[in-house]
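Biologist: I would like to learn how to read a model like this one. Could you take me through some of its features, one at a time?

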Amino acid sequence: MPRPIRTALQIVCATALAGAAILVAARATSWDDGTWLAMPMAGFPYAVVGTVVVLVVLLVLRSWWVAAVAAVLVVTELAWTVPRFVPDREHVSASAPRLRVATSNAHVGAVDPEVLVRLVRAERLDVLAMEEMTPQAIAALDKAGMAELMPYRELHPESDSSLYSRLPLTGGGLLRGRATVWPQTTAAVKVGGRTVRLVAVHTLYPLGDARRWAHDMRELREEAVDSGRDTVFLGDFNATLDHAPMRRLLSAGLTDSHAELGRGWAPTWPADASGVPSLLQLDHVLHGSGLAAVSVSEHVVRGSDHKAVVAELALVD
């Protein structure tokens, strides 16, 4: 290989490794918690793939010392990411009570009501969490058939998030004593004789204000600590599994349904008609230890800039 090309490749690889090293250091120290690093951290899985490619190139170039650095970074990155692709094989009895839930971002009311109602019907949903609802979107959904499919609701378009349910809701309202930018909506349903608490989540996005986003996530963690085993937090968290605030939220006793089933990377945003592929996994269904994920899937809903996430949860002992 001509020396100029070899030198250019080495410079490119070294630059890429410097960026990867910053992300690895940030993830190891939680530097992304409330800082600008939250934005590049959202793409951490891509950095993992990029570092592997760089390592291969360096080995081909026989740049042994730089390749050794790349190898350390790859091992560290894989140690963090591989576990979410390994399913948790907890046995779930076929007779265990089930709860089918979903979350969908209404994109400030632009979601197609007919498409969303068809999704609710096709997926036999028990509970639907909605974000960015408007009064007009609520009326359009009812006209499209939501009123018959999900007659019970806790609707708060003035505060952003809402809950629809096929099952009676109790204890509904906005979370009190939690100073999130947008108040989160909560309610409970009875499943198999047990009360399952629901929280429809929508946090501020880190691009808008990283500190306030991190504060929102901390408030959710405090709520999760107080919520018990039979709880479901679902919605648009504006966070991936690599963000420090999300990892802290999960440490409060919650499990991400995708990771539990070995689907640790399922991008949900963006999801519009522009043709741009979904890049980031911002929408999640998290549950307490009293439940286990049986299935999870993502669905494009016309008019929304996020994919809807549908999960079937089983109550376990």
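Modeller: Gladly. Two packed helices are described by the angle between their axes and the distance between the axes. Here, helix α1 (residues 3–29) packs with helix α3 (residues 44–61) at an angle of about 145°, their axes 9 Å apart. Axes are lines fitted to C-alpha atoms over the stretch in contact, and angles run from 0 to 180 degrees between N-to-C directions. Helices (H or I, at least four residues) and strands (E, at least two) are DSSP runs, numbered from the N terminus. This is a predicted model, where local features need pLDDT of at least 70, side-chain atom pairs count only at pLDDT 80 or more, and totals for chains, interfaces and linings use all residues. Residues are numbered from 1 along each chain as its sequence is written, and side-chain values use heavy atoms, with hydrogens and water left out.

Biologist: Which residues of α1 and α3 make the contact?

Modeller: Contact means heavy atoms within 4.5 Å. From α1 they include Leu9, Cys13, Leu17 and Val24, and from α3 they include Phe44, Val54 and Leu61. By class, this contact of α1 with α3 has 13 nonpolar, two polar and two charged residues (Ala, Val, Leu, Ile, Met, Phe, Trp, Tyr, Cys and Pro count as nonpolar, Asp, Glu, Lys and Arg as charged, the others, Gly among them, as polar).

Biologist: How many residues does the largest nonpolar core have?

Modeller: In soluble globular proteins, nonpolar side chains tend to be buried together. A nonpolar core is a set of buried Ala, Val, Leu, Ile, Met, Phe, Trp, Tyr and Cys residues joined through side-chain atoms within 4.5 Å; buried means under 20% relative accessible area, with a 1.4 Å probe and protein chains only. The largest core has 23 residues, and Leu99, Val189 and Leu198 have the most contacts inside it. Strand β12 (308–315) gives the largest share, four residues.

Biologist: Which residues of helix α5 are buried?

Modeller: In α5 (residues 113–122), they are Val115, Leu116, Val117, Leu119 and Val120. Their cover includes β1, β2, α6, α7, β11 and β12. At the N-terminal end, Asp112 caps α5, with a side-chain oxygen 3.0 Å from the backbone nitrogen of Glu114.

Biologist: And is Asn238 buried or exposed?

Modeller: Asn238 counts as buried because its relative accessibility is 10%. Asn238 sits in the loop between β8 (231–236) and α9 (244–250), and a polar atom of its side chain lies 2.9 Å from the backbone oxygen of Thr203.

Methods. Buried < 20%, exposed > 50% of the residue type's maximum accessible area, 1.4 Å probe, protein only. Polar contact = N/O pair within 3.5 Å; in protein donor to acceptor, adjacent residues only side chain to side chain.
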